[in-house]
Amino acid sequence: MMAAKTIAELARALRDGETSSVELTRHYLDRINQVNSKLNAYITVCEEQALAQAAAADLRLADGETNPVCGIPLAHKDIFCTQGITTSCGSRMLANFVAPYNATVVDKFNAAGAVMLGKTNMDEFAMGSSNETSYFGPVRNPWDTNRVAGGSSGGSAAAVAADLCVMATGTDTGGSIRQPAAFCGITGFKPSYGRISRWGMIAFASSLDQAGPICKSAEDAAIMMNVMAGLDPKDSTSVDLAVPDYTADLEQALNGLRIGLPRQHFAEGLNPEVEQAVRDGLKEFEKLGATLVDIDLPNNHLSVSAYYVVAPAEASANLSRYDGVRYGYRCDNPIDLEDMYKRTRSEGFGDEVKRRILVGTYALSAGFYDAYYRKAQQIRRLIKQDFLDAFQQVDVIIGPTSPHTAFELGAKSDPVAMYLEDIYTIAVNLAGLPGISIPAGFINGMPVGMHMVAGDFEEARLLNVAHQFQRATDWHLQQPELKTTESAA
Amino acid sequence: MSWETVIGLEVHVQLSTLSKLFSGTSTKFGAEPNTQANIYDLALPGTLPVMNEAALEMAVRFGLAIDAEIGKKSVFDRKNYFYPDLPKGYQVSQLHFPIVGPGSLTITMEDGTEKVIGVTRAHMEEDAGKSLHEDFHGMSGIDLNRAGTPLLEIVSEPDLRNAKEAVAYLKKLHSIIRYLDISDGNMAQGSMRCDANVSIRQEGDPELGTRTEIKNINSFRFVEKAINYEVMRQREILEDGGRIVQETRLYDSDLDETRSMRSKEVANDYRYFPEPDLLPIVIDEEYIEAIRTSLPELPDQKSERFAAEFGLNPYDAGVLVSSREMAEYFERVVEICGDAKLSANWVTGELLALLNKNNWEFPDSPISADRLGTLIARIKDNTISGKIAKTVFETMIEDQDEVDTIIENKGLKQVTDSGEIENLIDEVIVSNPDQVQQFRDGKEAVFGYLVGQAMKLSKGKANPAQVNQILRDKLK
């Protein structure tokens, strides 16, 4: 077996003639064939198309193509529409849906010459924190296949961790890139809201959804960001801001960096071993010249509640289009229109999706709007203000990504307990800020994620900080053995 | 008992943009079903709206034309309900922050009285598709060509007091949107649709009565009939001691009645919330001013100018400006012939009757403004009489020759040669000795008869003024 390599390493190997894109692609397709059944990371594998893309990439490389992702095997979360290839969004509702268009993110990787191996598993409509709500079954954690990979981008995270692709795309509405990255021991980056186009990315909660890279290092995340970021005239919420070269500042020293530690993130509910791993990581930053400052995010405790009003409210409208009229699942032999609506949606959606549609519909109802939706939007502004205040004192905020390491499949049957999984990540979406999770140690063989947040559009700074940490540590270089432990229960 | 009617209108105007409100699809009317619906219009997953700037400009034009407040920051909202012709399961509309705030317009009634009608607001929204319930053997067909077409919903204050005022308001709106060139206002094709909120109350009662909403009335005439029917229906119920149910009613033009569609009390909760896929529209004073400067002369301004510049009475001026095409036609006619009063008479008289009879619009007129202007000029320079002009006019409908050629070919040129007229008059005097005697005996009324005889003898071609003069000289 070839040792797992980063984009940066493989880009060099492709240019040095050590390997070709076709060879690399065959290698990854073989690995998927051997390993995917253990992990269920992919929903769709597109072998033929991948090899054709790889052959085309080899021609471009021979022609002197400089984009480092050219010829690199990639997986897309099954939430990004891909022309001619099923895009299921992890749902029975779209299990038969083939989009006649590409998401902008997909177009950009295609244009750069990346090779799409397939589409990765995910929580249904990105609603979940364990990848157990997928219509296609849960994704298993490569570090222990009895445990969850996290969610909702669990397939992408597991695929990168198990080296079933070099890089993958994900989306993050409340932690859906960062939490599975933490659980799988890899790097997951959620940029600022508006930095990457949402066109062709199936909507869960439009004001919170953001695409981002899932990969093996902060450097790879920077390389992927160079492909993904930028204004898209087809997405009115994408931002018209110059896109920097995200790799340019990676080597900047961290002397004088002020790191904020939110008291609310190192409080009750945090597993002490996770806390220890994060605090050990913070010592590394001190060695690199950073100073640590305790800070407050006083409204953090409201973030999960506010999120579970705003996100379901938007979702309740976003998912209304799945009515069985034009595409996707339709129930058999409907008697009339109402019967078609009821049965199509009852049969096509899973329980968690239905729960959120109901919650969102309720929150927007006449008489409840002010108490829920409006109040949640007010809290959202307070949460944003907390961050703005904090960034007056510090450059980045660091804490744990998740209160614990990956849990066992089926361990969290209470929806509220599952919602609390995202307690450290969710506020970042409400505030629209960039956040990253990088590996910071292991507990009983399971990876721990460290969560870092920066100010609006300070992606380059965040990647620089993460990269410097990864130069000083080797947590991100560890590879899982795909073992299965006995259940503790 | 004396009842007062209270009417407010909600008018949906289809903005004449080339493409839809949030997608690049063509809005052209009459295409094959579902050929004008792209992936956004079909609400395929992952697709997003992009605001059509032309629609925004049209909405602002309308707002400025009715002296309304323009929303410097307007916000789109989602209005949620399920229906097969609403692909996204929500309609993108504007609830709390519409593009156009309070404004007003003035209506003129037939007796010349004027009344100011308040406009509460006007907001942009996307249209739904069409459900077709016939021809599908018990199933329904969906045509999404119209889905996403930009609409401006214009909501009036409940300032209208009878059906005639409602029609006058609607006609005024129609005239304004046509002047602004923001919609073709074609009610039959649905590019202007009207819902009427109607209630009645005891004269002097400060409280409004319970209203009903009459949906989708598709002609001016039906607006009047539907309201009159509904007022009568409500009166009968109340006078019988009944109670009006707040509901939506449909006007059936075949039966000339309204009937209940669905009760508002069990109607949808639309669960409006701000559309997260679109940012608020923020416009500045500079943008608004640029549009204000580009506004055309509007009907009220034009009517005032016609009165001042051409000395027309307010009624004639009002009729002439009611359509932009007619006003422009009229101005061209005046330019050619130099006589505004005669031009006004001909345009609102003979010409309008001709167009109405054939269901023609001004651009379809077989008689161009230039030709009508020339015709009137020939009356003015005594080439033909007014009466002969009507014959020429009739010929001009079929015959596209120059006016002068037609007059020449048909031998209709007025006789102004005094010798020729003297001969005619001599003949009349000889043939009517009795009447001549009566006149000489002081019976002035007979003079008209003798002029008539002379005109008849000339087949209407003799110049009437000359006939008068010469006859009087000869009878002295």
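Two strands count as paired if DSSP finds at least two bridges between them. Helices (H or I, at least four residues) and strands (E, at least two) are themselves DSSP runs, numbered from the N terminus. Keep both in mind as we tour this predicted model, in which local features need pLDDT of at least 70, side-chain atom pairs count only at pLDDT 80 or more, and totals for chains, interfaces and linings use all residues. Residues are numbered from 1 along each chain as its sequence is written, while chains are lettered from A and ligands numbered from 1 in the order in which they are written.

**Strands in chain B**

- Let's start with β6(B), residues 114-126, which pairs with β5(B), residues 103-108, in the antiparallel sense over 6 bridges.
- Within that pair, B:Thr106 has B:Val116 in β6(B) as its bridge partner.
- The hairpin of β5(B) and β6(B) has 5 residues between the strands, and B:Gly112 takes a positive phi near 90 degrees there.

**Domains of chain B**

- Chain B is split into domain 1 (3-290), domain 2 (297-409) and domain 3 (418-475), with bounds that come from an automatic or database domain assignment.
- Taken over C-alpha atoms, the centres of domain 1 and domain 3 of chain B are separated by 65 Å.

**Where the chains meet**

- 36 residues of chain A are in contact with 26 residues of chain B; contact means that the C-beta atoms of two residues, placed from the backbone, lie within 7 Å.
- On the side of chain A that touches chain B, α9 (303-318), α10 (337-348) and α11 (351-364) of chain A each supply at least two residues.
- The largest share of that side, 3 residues, comes from α9(A).

**Helix α15 of chain A**

- α15(A), residues 459-472, has 14 residues and reaches 20 Å from its first C-alpha to its last, close to the 20 Å expected at 1.5 Å a residue (the expected span is 1.5 Å times one less than the number of residues).
- Why is α15(A) largely enclosed by the rest of the structure? Because 11 of its 14 residues are buried.
- A residue is buried if 20 or more other C-beta atoms lie within 10 Å of its own, exposed if 12 or fewer, and partly exposed in between, with C-beta atoms placed from the backbone.
- Among the buried residues of α15(A) are A:Leu462, A:Val465 and A:Phe469.
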